[in-house]
4 protein chains.
Amino acid sequence: MSEKVQISHHGPCAVRSPLRLDAFGSIESTFILDEMHYHDPLGLGDAVQFFERAGPREQLFFEPAQTKVAIVTCGGLCPGLNNVLRSVYLQLHYHYGVPAVLGIRYGYAGFSPDATSAPLWLNAEIVNSIHQFGGTLLGTSRGPVSADIIVDFLQQRGINILFTVGGDGTQRGAHAIVEEIQRRKLPISVVGIPKTIDDDVQYVNRSFGYYTAIEKAKEVIDSAHVEARCVHNGLSIVKVMGRDSGFIAAGATIASQEVNFTLVPEVPFKLEGERGLLAVLHRRLLERHHAVIVVAEGAGQSLLPPSQERDASGNLLHRDIGLFLHHKIRDHFASQRFPIVIRYLDPSYYIRSVPASTVDSVLCDSFARHAVHAAMAGKTDIIIGLQHGVFIHVPIPMATTDRKRLSSEEWASVVTATGQPDLA
Amino acid sequence: MSEKVQISHHGPCAVRSPLRLDAFGSIESTFILDEMHYHDPLGLGDAVQFFERAGPREQLFFEPAQTKVAIVTCGGLCPGLNNVLRSVYLQLHYHYGVPAVLGIRYGYAGFSPDATSAPLWLNAEIVNSIHQFGGTLLGTSRGPVSADIIVDFLQQRGINILFTVGGDGTQRGAHAIVEEIQRRKLPISVVGIPKTIDDDVQYVNRSFGYYTAIEKAKEVIDSAHVEARCVHNGLSIVKVMGRDSGFIAAGATIASQEVNFTLVPEVPFKLEGERGLLAVLHRRLLERHHAVIVVAEGAGQSLLPPSQERDASGNLLHRDIGLFLHHKIRDHFASQRFPIVIRYLDPSYYIRSVPASTVDSVLCDSFARHAVHAAMAGKTDIIIGLQHGVFIHVPIPMATTDRKRLSSEEWASVVTATGQPDLA
Amino acid sequence: MSEKVQISHHGPCAVRSPLRLDAFGSIESTFILDEMHYHDPLGLGDAVQFFERAGPREQLFFEPAQTKVAIVTCGGLCPGLNNVLRSVYLQLHYHYGVPAVLGIRYGYAGFSPDATSAPLWLNAEIVNSIHQFGGTLLGTSRGPVSADIIVDFLQQRGINILFTVGGDGTQRGAHAIVEEIQRRKLPISVVGIPKTIDDDVQYVNRSFGYYTAIEKAKEVIDSAHVEARCVHNGLSIVKVMGRDSGFIAAGATIASQEVNFTLVPEVPFKLEGERGLLAVLHRRLLERHHAVIVVAEGAGQSLLPPSQERDASGNLLHRDIGLFLHHKIRDHFASQRFPIVIRYLDPSYYIRSVPASTVDSVLCDSFARHAVHAAMAGKTDIIIGLQHGVFIHVPIPMATTDRKRLSSEEWASVVTATGQPDLA
Amino acid sequence: MSEKVQISHHGPCAVRSPLRLDAFGSIESTFILDEMHYHDPLGLGDAVQFFERAGPREQLFFEPAQTKVAIVTCGGLCPGLNNVLRSVYLQLHYHYGVPAVLGIRYGYAGFSPDATSAPLWLNAEIVNSIHQFGGTLLGTSRGPVSADIIVDFLQQRGINILFTVGGDGTQRGAHAIVEEIQRRKLPISVVGIPKTIDDDVQYVNRSFGYYTAIEKAKEVIDSAHVEARCVHNGLSIVKVMGRDSGFIAAGATIASQEVNFTLVPEVPFKLEGERGLLAVLHRRLLERHHAVIVVAEGAGQSLLPPSQERDASGNLLHRDIGLFLHHKIRDHFASQRFPIVIRYLDPSYYIRSVPASTVDSVLCDSFARHAVHAAMAGKTDIIIGLQHGVFIHVPIPMATTDRKRLSSEEWASVVTATGQPDLA
């Protein structure tokens with residue numbers, strides 16, 4: 001009933017690790033349970049999965065002194081990208097003794113022969129202070145590049161390991177690269193580091209940048225609350241990131257404690273009718289004379305005519321629920337001759353470009369170092385996951401089938417914090 | 001050639017001050033020069049004005065134990081309003097022994113018989129922690145209320161002193177109140193505390209909230225810079241406050257050191273032509289592949305069809321230069337088939353709602369206490385000004401004739417920081 | 001081989017919960033594994049324990065409208081205490097409808113008939129903004145009070161539930177209260193909320209205040225690093241909290257990335273000899289001319305003559321390893337006529353008194369609400385634990401037998417970040 | 001009666017400035033009044049001094065393309081040193097076209113033939129991000145070096161301009177260098193940029209780093225206040241910088257609004273007696289049960305046996321008034337069997353090593369650019385001063401005769417904020 005999740009890796013691993021492994025305890029053959037919440041703890045009646053634990057290995061596949069590494073950052077900005085780049089470099093350089101780490105510029109596009117910028121050899125001086133800054137030293141872009149072109153690049157440059165830092169689109173691209181590598185029977189490892197400010201990658205309980213994002217979102221919500229409180233019938237709407245999952249909206253709501261309505265993609269809501277948002281909001285303004293709404297960008301999509309547009313990464317572009325709500329609410333109160341003062345705040349570009357907070361800095365360091373351990377041991381076609389506080393190896397296809405969504409318990413915490421009724 | 005600026009005040013001042021005045025040194029009869037930069041320092045050839053210095057007076061007009069005070073905050077939010085409220089209360093209560101301070105709710109509208117909220121008696125517990133929060137405890141609103149209604153309120157409630165915290169519209173309203181008070185021959189003092197996040201009130205070298213605003217604007221500009229740097233041909237536009245004066249744009253530019261083009265109301269610029277913004281920006285992107293533009297909301301108004309709308313405070317509503325620029329730039333590069341990644345950030349509501357920074361906290365405290373000293377001594381129809389580091393009394397009509405604008409030297413500092421050419 | 005951890009509770013639970021439980025999903029009978037890292041995942045050869053999951057229950061023991069609650073904060077300050085107080089109150093008042101929550105002043109001492117301050121009835125206005133401030137609204141103190149006196153108080157005041165917020169000393173006190181309650185056969189629940197800035201309570205993977213503490217510690221380490229770098233042969237020593245466990249030293253080291261030597265209670269080190277700290281430090285200064293040392297207060301105790309003193313909470317008082325190191329290092333280099341500039345920073349009182357950061361605010365809210373759920377359901381003699389991301393119920397005696405310590409893997413991350421050799 | 005302050009400069013100035021001077025308006029021949037507060041504004045009865053205004057000049061003494069510049073930072077760390085270095089470099093390089101700027105390492109000691117580190121040629125990449133960090137890129141040290149050695153260095157390296165960033169000791173050293181330069185009849189300009197975290201240099205109304213320092217001091221005071229409030233009879237003592245002047249203590253007190261007693265060098269106080277600190281503190285604890293004391297390091301020196309020690313810069317070393325007070329207060333209450341909880345915080349190293357805040361960043365930029373303008377125009381033996389908001393040239397001997405101290409009005413603001421009685 002229980003099964004071990006199988007991980008692809010090159011082999012045999014015949015190189016002795018240069019790390020002081022005694023400090024780490026025994027990691028080699030340990031596994032962790034995927035699902036540990038049981039109704040029937042003794043019986044183990046349901047099928048459960050056991051994941052390989054991430055960490056350093058005694059035997060490596062790559063000889064450090066002969067290893068060449070490439071790293072690329074793709075997709076939208078997220079706090080902590082520079083911390084990841086820096087820790088990957090430091091772990092490779094100082095701890096394994098890998099001499100050459102190549103930074104690809106501006107996402108997958110940087111592998112192309114007609115890339116706008118040549119790759120950058122990383123060194124200790126270049127990466128020294130980058131973790132103090134937002135963004136990514138290497139630049140980023142959206143959109144795929146043919147796996148053929150990328151594997152050509154890797155082959156021509158003699159690259160042994162490729163680290164792909166990005167969301168599920170990026171990692172699906174990484175899997176295509178793996179398939180092309182396998183076709184060509186090359187001993188190149190591809191290891192993904194999941195980057196999702198929305199915190200919605202599966203098998204990653206918490207992704208880096210998320211807590212930084214909710215800290216900044218909370219600051220903006222605090223301002224929105226002040227704006228709403230300081231005028232009569234003040235109403236502030238804050239749109240936050242979250243295309244398919246409401247984690248940022250949820251976390252910022254609980255952190256701020258000042259939100260009255262939180263709208264997320266996972267939970268449908270109505271605008272009209274007795275229990276709809278407009279009527280409930282109307283009653284609140286009559287009673288309390290101010291309100292704060294936080295809306296995730298992917299919330300309430302059923303209220304909007306469907307969009308067919310996609311961004312360069314292939315993500316379905318959402319219609320702007322924030323402005324839609326803004327206008328609906330404004331028109332509702334205008335039609336009722338009920339004067340309100342409405343403020344609309346959309347801080348996304350501000351939030352995602354800041355340096356990583358302390359808690360995310362620590363997390364980035366762990367993701368980065370575990371990715372290096374995995375790659376040096378010859379693992380491939382995996383991302384580093386984080387289940388129940390333990391870093392694990394997750395096959396890319398398994399990680400990218402779907403997105404993580406708010407659990408009913410997480411949503412209950414939000415409802416507890418806002419006191420909002422069921423709006424559906 | 002030199003003349004003392006005359007200040008209205010009630011008199012005679014026969015009440016002895018309860019303050020420990022020995023600590024302050026001699027203030028009573030000192031004056032400061034309005035203009036101290038001379039081409040001809042010895043000749044004093046030009047007419048100069050001397051202002052009465054603000055500060056505690058030995059003789060008061062109002063008997064503290066019998067004094068009733070009202071305070072009102074008007075217009076847009078600005079960091080430090082709560083610090084001002086708190087310090088006014090503490091100075092009146094603990095140092096002068098004034099027993100009654102009434103907070104008017106939601107701006108001048110709160111004086112109206114049909115106000116939405118009754119005034120609030122302030123006390124030590126209510127104001128204790130308010131300086132830790134943005135906004136204003138009392139709430140605010142835009143727009144005038146008839147002086148007649150306000151003076152009725154003051155008379156019926158037996159108010160002796162009214163503090164008006166607001167910008168030039170608010171202070172013009174305060175002057176109308178003074179005129180009505182004079183018509184009715186009432187011994188009521190009206191003292192204004194200048195509030196302008198734009199830092200554009202005359203005779204006020206620096207107004208509270210300004211440094212907090214540029215600190216927050218700088219943070220957003222830093223994010224905008226990261227956004228622009230991390231993609232190929234990234235272009236970020238940040239719109240900041242500044243209807244008639246570019247002080248926030250200027251200060252945030254110098255603080256950030258990452259801005260390439262700063263556009264302010266005082267300095268006209270062209271979009272088209274060889275030296276226009278579009279061509280200059282195009283050349284920069286070709287060369288450096290990223291750019292940051294900071295634009296004050298009142299910049300480039302001549303480029304827009306004139307608007308006749310005014311806000312409730314009577315301020316001429318500007319067309320939105322930020323979105324206008326955004327669209328013009330987007331269209332320019334689209335027409336040139338030059339792919340850029342453009343980000344538009346408008347952080348105004350976020351900036352103005354935060355708590356006052358340290359430097360502004362100190363400044364608020366001074367403005368507030370000097371306003372109390374002036375009012376207790378019977379001064380009226382004045383605002384507290386700040387010239388060359390010294391707090392002064394400025395007649396309201398003199399302070400509200402025009403707005404302060406960037407000096408050529410201040411503008412030169414901006415140009416030095418951005419390296420931008422003349423765009424006119 | 002596996003066993004469920006048994007939890008004490010009152011019963012039968014015949015009161016229907018007023019919460020909207022549908023939002024939470026099914027929690028009632030779920031359990032989680034204590035230990036999920038297996039060498040042999042299929043065999044389950046070792047004994048494992050299953051914990052009851054925390055969360056709301058359908059059936060309550062206490063009738064909300066008749067319930068009286070007391071809450072007390074004990075021991076040293078920790079970021080987040082006010083958040084816990086506020087969320088406990090809000091959950092009891094708004095969600096369960098409990099009418100009466102009594103705040104005990106200044107720790108267990110506040111139960112005494114000769115307490116310095118009378119207890120405080122909490123209400124929505126009192127707790128409204130307290131989470132924005134460090135410290136604890138109720139005050140705190142160290143040291144036990146006889147369980148007899150406390151149960152007298154509870155009985156006389158008709159208290160049904162007592163929440164004890166504190167470290168393991170406090171929770172051992174709570175267990176003594178439970179024993180006295182059982183002796184008197186009273187239906188009073190006692191639920192502990194673990195508070196340990198050192199993050200060293202067992203069965204609590206991460207305690208509130210910890211990330212705030214390492215964020216502040218990191219800031220101070222950054223300053224220490226600047227101090228060391230900006231002079232020739234600069235050496236900064238930063239002492240941080242951590243009596244028995246080096247979690248703060250470890251976390252701050254990884255977050256800062258600027259520490260060269262981290263010293264923790266779990267890992268012995270030598271001062272003298274070729275591999276001792278003094279010699280290693282000497283070599284580093286010769287080579288790099290600056291160094292930063294972070295030392296947990298409980299590190300290197302074997303180097304000091306043992307102390308017999310205890311603080312009022314009964315904790316063995318450690319000799320000050322920070323000053324000891326400072327003097328040893330100063331004397332070493334003086335004796336070698338090697339001029340160094342040494343800075344000693346001890347920021348503990350600064351670190352522990354700040355408001356909770358965003359990530360800790362979210363955590364506090366969860367601990368508080370889960371404690372309320374447990375108590376209302378009649379659970380007693382437990383603390384709220386957190387294993388692998390899931391909140392659980394842990395019997396107090398089980399939680400207080402020992403303290404949590406850095407795992408070998410956590411220590412390996414530190415060594416990776418500092419690059420320090422084995423100093424033992 | 002009025003006189004112009006004479007400034008030393010090389011001449012004739014026959015090189016045309018490359019700056020766009022039209023942007024600046026006319027600065028050349030303007031002066032500003034030293035003292036503008038008059039009792040008798042019309043009579044100008046007292047002698048007044050007029051200072052030359054700082055700013056760019058049309059005619060330069062040095063031909064930019066042939067100019068070599070050196071810059072040195074000396075004495076204690078202060079927020080903003082890196083901003084000054086960066087703006088000096090950028091102004092010289094981009095605006096004047098000066099090709100060579102040499103950074104001297106670790107203070108005046110870096111000029112010595114046996115300096116520990118060779119000077120560093122600055123370039124745009126090196127200085128690009130340094131303003132984001134505390135400390136000084138160049139390093140610093142205390143103590144003088146013979147002017148002979150320094151002028152030898154300047155002569156051998158062909159340096160034309162030396163910028164000395166430091167306090168009054170550093171600037172006295174700069175004057176000695178000028179004298180040696182004059183002896184050798186060399187056309188080398190020496191321009192000082194005043195650095196004093198204590199804000200105590202004469203003719204400098206506000207020095208860079210000061211507001212950053214009080215912001216950080218305020219944070220620590222806030223923690224001290226929380227510590228004192230959260231225990232019964234809690235007493236916190238915070239020692240801040242301020243050897244001869246209490247500006248930091250004063251500013252942090254007003255910013256924090258939570259201090260009960262502020263002790264500064266300018267205002268003597270007694271410990272013993274009915275009106276002494278111990279008795280007053282005792283009464284406050286009886287009444288309010290907590291207190292916060294802020295003490296500048298140079299306060300109450302008459303209470304201590306005089307010290308004869310000096311630091312390497314020649315500053316008389318003060319006995320530690322902070323620890324002295326701590327022990328006196330502890331002993332007093334112990335002798336009265338009055339239990340108190342006392343916390344002592346000394347955050348100096350933390351405060352002075354942080355990056356400059358926004359307001360200081362702007363100020364640093366101005367000081368740096370004005371220093372460059374002055375030096376290029378051949379001014380020498382001056383520091384850049386700041387009077388009444390205007391940057392001026394001040395002869396070094398005039399600036400270093402004494403230190404600035406709190407005015408009676410500034411002290412009155414402190415007393416107003418604390419409510420403390422006269423303790424002398």
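**Figure 1. The loop of chain C that holds C:Tyr106.** In this predicted model, C:Tyr106 lies in the loop that connects β8 (100–103) to β9 (120–121) of chain C. Its phi is near 60°, a positive value in a residue other than glycine. Because 22 other C-beta atoms lie within 10 Å, C:Tyr106 is buried, the threshold for that class being 20 or more.

**Figure 2. The loop of chain D that holds D:Asn233.** D:Asn233 is placed in the loop between α5 (210–229) and β12 (234–240) of chain D. The residue is not a glycine, yet its phi is positive, near 55°. D:Asn233 has 18 C-beta neighbours inside 10 Å and therefore counts as partly exposed.

**Figure 3. Cis peptide bonds in chains A and B.** In chain A, A:Gly11 and A:Pro12 are joined by a cis peptide bond with omega of about -5°. A:Pro12 belongs to the loop between β1 (2–4) and β2 (15–16) of chain A. In chain B, a cis peptide bond links B:Gly11 to B:Pro12, with omega of about -5°. B:Pro12 is located in the loop between β1 (2–4) and β2 (15–16) of chain B.

Figure 4. A:Asn82 is part of helix α1 (residues 81–96) of chain A. It counts as buried because 25 C-beta neighbours lie inside 10 Å. When residues up to four places away in sequence are left out, A:Asn82 touches A:Ile130, A:His131, A:Phe133, A:Gly135, A:Thr136 and A:Leu137. For one of these contacts, A:His131, the separation from A:Asn82 is 49 residues in sequence but 5.0 Å in space, C-alpha to C-alpha.

**Figure 5. Helix α7 of chain B and its buried face.** Helix α7 of chain B comprises 12 residues (residues 277–288); at 1.5 Å a residue it should span 16 Å, and the distance of 16 Å between its end C-alpha atoms agrees with this. The buried residues of α7(B) are B:Leu277, B:Val280 and B:Leu281. Viewed down the helix axis, these buried residues fall within an arc of 95°, so they line one face of α7(B). An α-helix has 3.6 residues a turn, so residues three or four places apart point the same way. The buried residues of α7(B) pack against β13 (261–263), β14 (290–296) and α8 (321–335) of chain B. On the other side of α7(B), B:Arg283 and B:Leu286 are exposed. B:His289 follows α7(B) and has a positive phi, near 70°.

**Figure 6. Packing of α10(B) with α6(D).** Helix α10 (residues 358–376) of chain B packs with helix α6 (residues 247–256) of chain D at an angle of about 80°, the axes being 8 Å apart. This angle makes α10(B) roughly perpendicular to α6(D). From α10(B), the residues B:Thr358, B:Ser361, B:Val362 and B:Asp365 meet D:Gly251, D:Ile254 and D:Ala255 of α6(D). The contact residues divide into three nonpolar, three polar and one charged.

**Figure 7. The contact of chain C with chain D.** In this view, 24 residues of chain C are in contact with 24 residues of chain D. On the chain C side, α5 (210–229), β15 (341–345) and α9 (348–352) each supply at least two residues. The largest share of that side, five residues, comes from α5(C). The residues of the side of chain C that touches chain D comprise 11 nonpolar, 10 polar and three charged.

Notes. Residues numbered from 1 in each chain as written. Chains lettered and ligands numbered in written order. Predicted model: local features only at pLDDT ≥ 70, side-chain atom pairs only at ≥ 80, totals over all residues. Helix = DSSP H or I, 4+ residues; strand = E, 2+ residues; numbered from the N terminus. Expected span 1.5 Å × (residues − 1). Buried ≥ 20, exposed ≤ 12 C-beta atoms within 10 Å, placed from the backbone. Arc of directions from axis to C-beta. Contact = placed C-beta atoms within 7 Å. Nonpolar A, V, L, I, M, F, W, Y, C, P; charged D, E, K, R; others polar. Axes fitted to C-alpha atoms, helices over the stretch in contact; angles between N-to-C directions. Parallel < 35°, antiparallel > 145°, perpendicular 65-115°, else oblique.
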